Amino acid sequence: MPSFFDKLQDVLAQTTAIPPAQIQETIAKAQATMGANPVAAVKLLLMAQATEPKNPQIFLALGDVYSNENQSEEAIKAYESAVKFMPDKPEAFLALGTELLTGEKFELAEAFLMHGLLLSEPKETIDLYNLALAFYQQERPAEAIPFCHQALENGKDHDSETLLGDCLYDLERYEEAADAYTRSLASEPESAYDAERLGFTLERLERYQESIDTLQQALTNGSDEPDIYASLSRCYDQVGQKELSEETAKKYYELSPTPTEEAAAE
């Protein structure tokens, strides 16, 4: 089957300019088309670009098409051009930062997201969350926390709440982490990850029975994390259920690709 870029070769050969009065209409049509027919969307945008080669809105839309098709390098090039021709607007900086974040280029993502947010008013929850995530992925949880809080000031947001919990946990602020995970789990009760993290945090707080109940919820929610069984083993031991402690320790050793004595006995 021809790839996305194979299909584009015919498009590039057929590109012709359009009248300037049709530019905005053509961009809007491409944006509406990109989900169902990305090649047609690119063709429309290139026709517009043939008329206005420095129009930043065209580059933004092209970046969106490439991003949707997981063509990250092309998306980054398009967004970089949008930044070049629209240096005083937040949209291009935020789009580029988000694409860099997706590509795990966290330091660059941080820079562009920060600049985009400085230009933005109001600041959108997703952009604040993305900047917090860029900090967190660089192992800078303390710097991520204020942006999690700002995102949550806009209203409830599950991902920001979970990320806040992760940051607080890494900083050993376990009471606050438990509160954040409790809120995130309440908003998505079927989340395996939130239940795992809350269960691990409750163990740190020596709330062993609550940890057991929450880790069991994580398993019910579909978690396949071996460390759950190590944590359960320790918690069962603390509440005097030796048989269950041994059973869950055995399960941990069966499932973990790199089991350690310390994990089960920590």
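This report walks through a predicted model of a protein, going from the overall picture to a handful of residues.

## The big picture

Let's start with what the chain is built from. The secondary structure comes to 16 helices and zero strands. Now for the overall spread: the radius of gyration is 24 Å, well over the 18 Å that the globule rule gives for 266 residues, so the protein is more spread out than a compact globule.

How much of the protein counts as buried? Of its 266 residues, 48% do. Then take the contacts with a separation of 6 or more: residues 24 or more positions apart account for 49% of them.

What about the outside? The protein exposes about 14,000 Å², and carbon and sulfur atoms supply 49% of that area. As for charge, there are 20 positive and 49 negative side chains. The centres of those two sets lie 5 Å apart.

## Asn55, a buried loop residue

Now zoom in on Asn55, which sits in the loop between helix H3 (38–51) and helix H4 (56–68). Is it buried or exposed? Asn55 has a relative accessibility of 10%, and buried means under 20%, so Asn55 counts as buried.

Have a look at what its side chain is doing. A polar contact of 2.7 Å links it to the side chain of Glu52. A polar atom of the Asn55 side chain also lies 2.8 Å from the backbone nitrogen of Gln57. Once you set aside residues up to four places away in sequence, Asn55 touches Ile23, Gln24 and Ile27.

Which backbone atom does its side chain reach? The Thr33 side chain gets to the backbone oxygen of Lys29, at 2.6 Å. Not counting residues up to four places away in sequence, Thr33 touches Pro38, Ala40 and Ala41.

Thr16 is found in the loop between helix H1 (4–14) and H2. With a relative accessible area of 46%, Thr16 is partly exposed. Leaving aside neighbours within four places in sequence, Thr16 is in contact with Met47 and Ala50.

## Cys167, inside a helix

Where is Cys167? It lies in helix H10, which runs over residues 158–170. Its relative accessibility is 0%, so Cys167 counts as buried. What is around it? Apart from neighbours within four places in sequence, Cys167 is in contact with Tyr136, Pro141, Ala144 and Ile145.

## Some pairs to find in the structure

| Pair | Apart in sequence | C-alpha to C-alpha |
|---|---|---|
| Cys167 and Met34 | 133 residues | 36 Å |
| Thr33 and Glu225 | 192 residues | 40 Å |
| Thr16 and Thr125 | 109 residues | 39 Å |

Most residues other than glycine have a negative phi, and most peptide bonds are trans.

With that in mind, check out Asn70. Its phi is near 60°, a positive value in a residue other than glycine. Asn70 lies in the loop between H4 and helix H5 (72–85). Its relative accessible area is 67%, and exposed means over 50%, so Asn70 counts as exposed.

Glu206 has a positive phi too, near 65°, and is likewise a residue other than glycine. You'll find Glu206 in the loop between helix H12 (192–204) and helix H13 (208–220). Glu206 is exposed, with a relative accessible area of 57%.

Finally, which peptide bond is cis? The one from Glu121 to Pro122, with omega near 0°. Pro122 belongs to the loop between helix H7 (106–119) and helix H8 (125–137).

Note on methods: Residues numbered from 1 in each chain as written. Predicted model: local features only at pLDDT ≥ 70, side-chain atom pairs only at ≥ 80, totals over all residues. Heavy atoms only, no water. Helix = DSSP H or I, 4+ residues; strand = E, 2+ residues; numbered from the N terminus. Buried < 20%, exposed > 50% of the residue type's maximum accessible area, 1.4 Å probe, protein only. Polar contact = N/O pair within 3.5 Å; in protein donor to acceptor, adjacent residues only side chain to side chain. Contact = heavy atoms within 4.5 Å. Rg over C-alpha atoms; globule rule 2.2 N^0.38 Å. Areas by Shrake-Rupley, 256 points an atom, 1.4 Å probe, with all protein chains shown as cover. Lys, Arg positive; Asp, Glu negative; His and termini not counted. Charge placed at Lys NZ, Arg CZ, Asp CG, Glu CD.
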